[in-house]
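User: I have a few labels to check against their cut-offs. Please show the structure, then take my questions one at a time.

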Amino acid sequence: MLGNFTYHNPTRLHFGEQAIQELATELQNYGENVLLVYGGGSIKQNGIYQAVLEILQANGKNVFEDPGVMPNPTVAKLNEGCERARTAKADLILAVGGGSTCDYAKAVAISAYCPTDPWETYFLRYEDVAPETKIIPVGCILTMVGTGSEMNGGTVITHPESKLKIGHVFGENVFPHFAILDPTYTYSVPHYQMIAGCFDIMSHILEQYFSGTDDNTSDYLMEGLLQSLIHSSKIAVQNPTDYEARSNIMWTSTWALNTLVAKGKATDWMVHMLGQSIGGFTNATHGMTLSAISLAYYRYIMHDGLAKFKRFAINVWHVDPQGKTDVEIAEAGLAAMEAYMREIGVVMNLSDLGVEVAMIPGIIQRTPILTGGYKALTPSDLEVILTQSLHS
Ligand code: NZQ
Ligand code: ZN
């Protein structure tokens, strides 16, 4: 372990079947005006909306609704939400949905009283929330897993006109105050979204795992999280209502990106930088933008981080090292990862997401190059990785 750090996670998390019963207690901590934020209506079909509304009303809250948060929430929707939050004089923003809804709720929370343009301030200029800016408290009721948004300070917003999708990871003051995680709420998630979420979890872990050469407790934790994810996701693909599998995936997802495993170590995040840029061009499902490029990326950088890729193969995929060179072991690990990806059925190439060769220069131009990974990349490296990802 190399780095010094302070660790504190301010989100109180209620987990398990019927965890929604904890909402009434949480509501006592806030004033009476609640902005209820949700997406395209799935919560009305699966009954979650009704359950939440009844608790809000039974606890004397004035409920103001902000529906229609789209996957990959936009700047225009954010501006609309700020207006609604101010009109409601919201004391609490209650997000009911997946990562998009939770991200959006956090963005509204810091933007409603931001004196300058929120998109330019927080996303283009990457400024922090000014100390004098009021932040509206956020609570999350999670209905789809993958992003970890329920217990982190991240928010990702898309500006479709400029094809820019930008994430900003804020500090503790932007974390949800509480999160309610009932694994049964995820049963109705469409198959495509479920497997995209599973790969998003895997990618979050790999982004933090494939970096650094120190001996770090976090790497051991991540090998455990990965094995639980691989095991449970294979079961969930076969039987989406297997509670044990869905609950393990949900909990793994939270731990993959609630800041713990990043403490005291370097991290990469280049797959996410590329994935977000692809998302800005295609509006594709986030997890699938990651699956489409991951193998090309990891095969490209493998020789620069060979020891870790070897360890990944042996500890996560149980590759037998006997009689193999280090390169062969590492390659076998990535082959096992590819077989797993094909088994659960994630998107394996960019063409399936609508990416065309002509888009590649624009995608590269919008991809920030980070330096925490095993290989210092140049724009021409990105071109090779993206081109190799076009077809599987
Ligand atoms: O809109 P509704 O009707 O809710 O339908 C959603 C949506 O169509 C549906 N869904 C969610 N729960 C459901 C359900 N359908 C049936 N039953 C349920 N129980 O699933 C679809 C996708 O939802 P969305 O929230 O978009 O998915 P996800 O959780 O993957 O969130 C993606 C967003 O999070 C960002 C991504 O970039 C993307 O914008 N991320 C946020 C991160 C963070 N805060 O740390 C990190 C991630 O890397 C990621 O970038
Ligand atoms: Zn992600």
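User: Why is Gly-354 called partly exposed?
Analyst: In this predicted model, Gly-354 has a relative accessible area of 34%. Buried means under 20%, and exposed means over 50%. The value lies in between, so Gly-354 is partly exposed.

User: What makes Ile-360 count as buried?
Analyst: Its relative accessibility is 5%. The cut-off for buried is under 20%, so Ile-360 counts as buried. Ile-360 belongs to helix α14 (residues 360-365). Leaving aside neighbours within four places in sequence, Ile-360 contacts Glu-383, Leu-386, Thr-387 and Leu-390.

User: How do you know which residues coordinate the zinc ion (ligand 2)?
Analyst: Donors are N, O and S atoms within 2.8 Å of the metal. Asp-200 (OD), His-204 (NE2), His-272 (NE2) and His-286 (NE2) lie at 2.0 to 2.1 Å, so they qualify as donors. Their spacing along the chain is D-x3-H-x67-H-x13-H. His-204 in helix α7 (residues 191-209) and His-272 in helix α10 (residues 270-282) are 68 residues apart, a pair linking distant parts of the chain.

User: Why are His-204 and His-272 called buried?
Analyst: His-204 has 2% relative accessibility, and His-272 has 5%. Buried means under 20%. Therefore His-204 counts as buried, and so does His-272.

Note on methods
Residues numbered from 1 in each chain as written. Chains lettered and ligands numbered in written order. Predicted model: local features only at pLDDT ≥ 70, side-chain atom pairs only at ≥ 80, totals over all residues. Heavy atoms only, no water. Helix = DSSP H or I, 4+ residues; strand = E, 2+ residues; numbered from the N terminus. Buried < 20%, exposed > 50% of the residue type's maximum accessible area, 1.4 Å probe, protein only. Contact = heavy atoms within 4.5 Å. Donors = N, O, S within 2.8 Å, 3.2 Å for Na, K, Ca; no water.
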